[in-house]
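Keep the sequence beside you as you read.

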Amino acid sequence: MVTYDQRKLRYYDTTSGHIIADHIAKNPYSVMRQNPSNAIIALGSSKGVVEWWTPGVGNPQVKIFVGSGVTDIGFHKGYMITASENIKIWDSRTLKVVDTYPLHRKISSIEVSQSGLLSINYGFRMDFFKDVYSSKQTHPYMTYKPKGHINNCRFVPFEDIMGLGTNYGFSSISIPGSGVPFYDTFENNPFETKKQKR
């Protein structure tokens with residue numbers, strides 16, 4: 001488990017509760033995301049800097065300037081998505097920008113599904129983009145306007161569903177193609193038995 005508070009990045013062992021690593025960040029960061037494929041922690045600051053941290057090293061492994069203040073960060077396989085004054089798709093291996101999408105309004109957050117669907121939360125509206133890693137998208141795949149303001153949102157793993165937290169309460173919407181129907185049972189098995197778990 002990883003926590004970030006007052007410029008301190010702290011790694012915990014979930015079995016014993018002991019602190020594994022304690023790193024001090026030089027700048028205050030407002031965004032923290034974990035890359036699900038390699039567990040690297042990405043911290044984003046209001047100065048437009050994204051840093052990648054690992055528990056074994058006390059300094060950031062990668063430091064990238066992505067633009068003005070970082071609003072959110074997302075990961076999908078070999079790509080990193082950053083949101084600041086625009087949305088940028090980065091190749092995680094070469095650290096080069098693959099594509100840029102301009103933003104005309106301030107966004108609240110971004111989310112990336114297991115299949116790579118990108119959702120952009122404007123608060124009053126959500127846009128969903130498909131295949132942003134392979135080709136430039138001119139229009140959203142889907143758009144959703146809820147009743148009230150969207151505070152936060154998350155995709156449900158292995159399902160074509162997204163959960164929304166609004167000022168009216170919780171709601172869920174169906175997003176076709178967001179979940180992964182074929183999963184590797186040696187990695188993530190939502191139907192694993194007690195025998196398989198052992």
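Four bridges tie strand 12 to strand 13 (residues 118-121), and the two run antiparallel. Strands here are DSSP runs of E, at least two residues long, numbered from the N terminus. Two strands pair if DSSP finds at least two bridges between them. This is a predicted model, where local features need pLDDT of at least 70, side-chain atom pairs count only at pLDDT 80 or more, and totals for chains, interfaces and linings use all residues. Residues are numbered from 1 along each chain as its sequence is written, and side-chain values use heavy atoms, leaving out hydrogens and water.

Now widen the view. Four strands make an open sheet in the order 12-13-14-15, with antiparallel pairing. Strand 12 and strand 15 (142-144) are at the edges; each has a single partner strand, so one side of each has no neighbour in the sheet. In general, strands of a sheet pair through backbone hydrogen bonds, either parallel or antiparallel.

Next, zoom in on one residue. Ser 109 lies in strand 12 (residues 109-112). Its bridge partner in strand 13 is Asn 121. Is Ser 109 buried or exposed? Ser 109 counts as buried because its relative accessibility is 11%. Buried means under 20% relative accessible area, exposed over 50%, and partly exposed in between (1.4 Å probe, protein chains only). Leaving aside residues up to four places away in sequence, Ser 109 touches Asp 72, Ser 119, Ile 120, Asn 121 and Cys 153. Contact means heavy atoms within 4.5 Å.

Finally, look at another pair. Strand 17 (residues 161-166) and strand 18 (residues 169-174) run antiparallel, joined by six bridges. A hairpin of two residues links strand 17 to strand 18. Thr 166 sits opposite Gly 169 of strand 18.
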